[in-house]
Amino acid sequence: MDDISIDFAAIGATILSHAPKILLALLVFLVGRWLAARLSAGVEKGLSRAPNADATLSRFFANLVRYALLLVTVIAALTVLGIDTTAMSGMVLGLGVAMAFILKDSLSDVAAGVMLMIFRPYNVGDEVEIDGAKGVVQAIAITATRMKTRDNIEMIVQNSKAWGGVIRNHNALEKRRLDMVFGVSYDADIDTAIQAITKAAGADPRVYADPAPWAKVVNLGESAVDIELRVWSDYNDMRNLKVDISQPVKAALDAAGVGIPYPHEVVIKQKAKPSKLRGRVTKLRKT
Amino acid sequence: MENETVEAAAAAAEDTAKSAGSFDWAQMSTPDFWLDMWTKVQPTVLNLIFALLILWIGMKVAKWIGKTVKKYTEKAPNVDATLANFLGSIAKYAVTAFVVIAAVTQIGVETASLVAMLGAATLAIGLALQGTLGNIAAGVMLMLFRPYKIGDYVDVAGQEGVVEEVSIFTTVLATIDNVKVIIANGEAWGSTIKNYTSMGVRRVDVDYGIHYDDDINKAIKIMKDVSSAHPDVLSKPDGPWAKVVKLNESSVDIQNRVWCKAENYWDVMFDLNKSIKEAFDKDGITIPYPHQVEIEG
């Protein structure tokens, strides 16, 4: 009986002598928890402020921050109680490094997203080619760029692909050149053909008069003399022009009497004579 | 006497009780006890007050820095408001993190784990910016070694065009049909760069196929004469050159080589195509269609 009463007193004494520590630890924990909640809310708010932020993603990062801070808080509170937490700090460092490596790609997408927003190599509505995918930009979000092809396929390209690679922006420069090749007959007069082609192209009001339509012989092909036509226009007109120009050019070449040839082949008929089989054939083309 | 012995015994008992760690509840009523207690907790309380002060001032500073960052980024051209907000809050929370660590250290809490976490966070940011920093390094290289300059026609990372801009992060080209190509400097510096302009003069090589029955020497003479007549064809480093490079399926292929200034390359090629074809027509040299021998029997 006597022993027990002394024990009670001892416990009381221990508690009281440790009371400041315990209270401080509790305070550290409570303040830490409050800070964790505040900071994670702040992170979520900050991320949702980012242009085209993704709610899921900002929630994810906010939770990540919150639980990391809670872990730190618990460790801090334990330290205040006098428990050795060196090992725990090591664990936190390890976990943190692991997380950094796990999130490396997503984080570099975020970094690239910020760069894209600062330097704006493309804007919403631009027709671009990123990493081989071509489409009209719908949105530049914090980790990815959303595009739509002309035939309505949605494409999501990670921002690091765009910022770290090659971006082809088809309408950043207002003026565009359209190149088309027309093959004309070897027997036709080249100047007549060139004039017919440039005149037909120049007749379209969407084609710029300056720089004027241009046409030259780019290749002497197998069956045709290849004349390339180059015209300048606005980007938006160019896409329509591409499909509107062949018909008038064909009409103009017909009117000028310039033929657009089929593939040609000179066929030499020979009797099977083994000794003659390897002989060279005579000139037959013009006959 | 007996009373004294009892008292002494009681005192002795109290001593033993004290040394055994028992607590005298009665002493709580003496001011000395509280004074003693105060001297014990005083540093903690002061530190707590200091910590709160650090936190309070620090938060103000963080807020101010966030606002300043936002204000200055908004001033920069082509930065929109949402982005400025975003960068502002990033700055604010980065400063807040330092403030919290400072405050917590002031209380005397072990911050090793917090510092470890901050270290990990910095590592994460470093990894995230790895690509961008690589681009900056490549940009510095491009500016130091200048493999191309503005106005050059180049082939960089598989993209051809005229160099419009070399910045610290990117190289911007305009293709001949005016597509804007933005290439990360890391890609540009890390791949083969072909510069079509920097050497000043270029050689135009084009193969012309003539008929097997035609006079090769006559054809070569026509090609050389036509080439020399072109105003943009140079006589240095070499005058026009033409030789049979291949006995092809349906034609004898003669290659024409002429030198010209880099900027005239395409015009010279296209002009010669036309003039040589016309000269061949005039002098009876034929450019053959594909031939095929059909053997009967």
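Student: Lys180(B), Ile182(B) and Ala184(B) point one way from β4(B); which residues point the other way?
Tutor: Strands are DSSP runs of E with at least two residues, helices are runs of H or I with at least four, and both are numbered from the N terminus. In a regular strand, side chains alternate between the two faces of the sheet. Opposite to the side taken by Lys180(B), Ile182(B) and Ala184(B), the residues that point away from β4(B) are Val181(B) and Ile183(B).

Student: What kind of model is this, and what pLDDT do local features need?
Tutor: Residues are numbered from 1 along each chain as its sequence is written, while chains are lettered from A and ligands numbered from 1 in the order of writing. The model is predicted: totals for chains, interfaces and linings use all residues, side-chain atom pairs count only at pLDDT 80 or more, and local features need pLDDT of at least 70.

Student: How many residues of β4(B) are buried?
Tutor: A residue is buried if 20 or more other C-beta atoms, placed from the backbone, lie within 10 Å of its own; 12 or fewer make it exposed, and partly exposed lies in between. β4(B) is mostly covered, and the number of its five residues that are buried is five.

Student: Which residue of β4(B) does Thr171(B) stand opposite?
Tutor: Strands pair if DSSP finds at least two bridges between them. β3 (170-174) of chain B pairs with β4(B) in the antiparallel sense over five bridges. The two form a hairpin with five residues between them, and Asn178(B) in the turn has a positive phi of about 70 degrees. In β4(B), the residue opposite Thr171(B) is Ile183(B).

Student: Which residue of β4(B) stands opposite Ile167(A)?
Tutor: β4(B) also pairs with a strand of chain A, β5 (residues 166-169), in the antiparallel sense over four bridges. Across from Ile167(A) stands Ile182(B).

Student: Which element gives the largest share of the side of chain B that touches chain A?
Tutor: Residues are in contact if their C-beta atoms, placed from the backbone, lie within 7 Å, and 72 residues of chain B contact 84 residues of chain A. Elements that give two or more residues to the chain B side include β4 (180-184) and α4 (112-145). The largest share, 16 residues, comes from α4(B).

Student: How far apart are the C-alpha centres of domain 1 and domain 3 of chain B?
Tutor: Domain bounds come from an automatic or database assignment, which for chain B includes domain 1 (23-109) and domain 3 (201-282). The distance between their C-alpha centres is 81 Å.

Definitions and conventions: Two residues are in contact if their C-beta atoms, placed from the backbone, lie within 7 Å.
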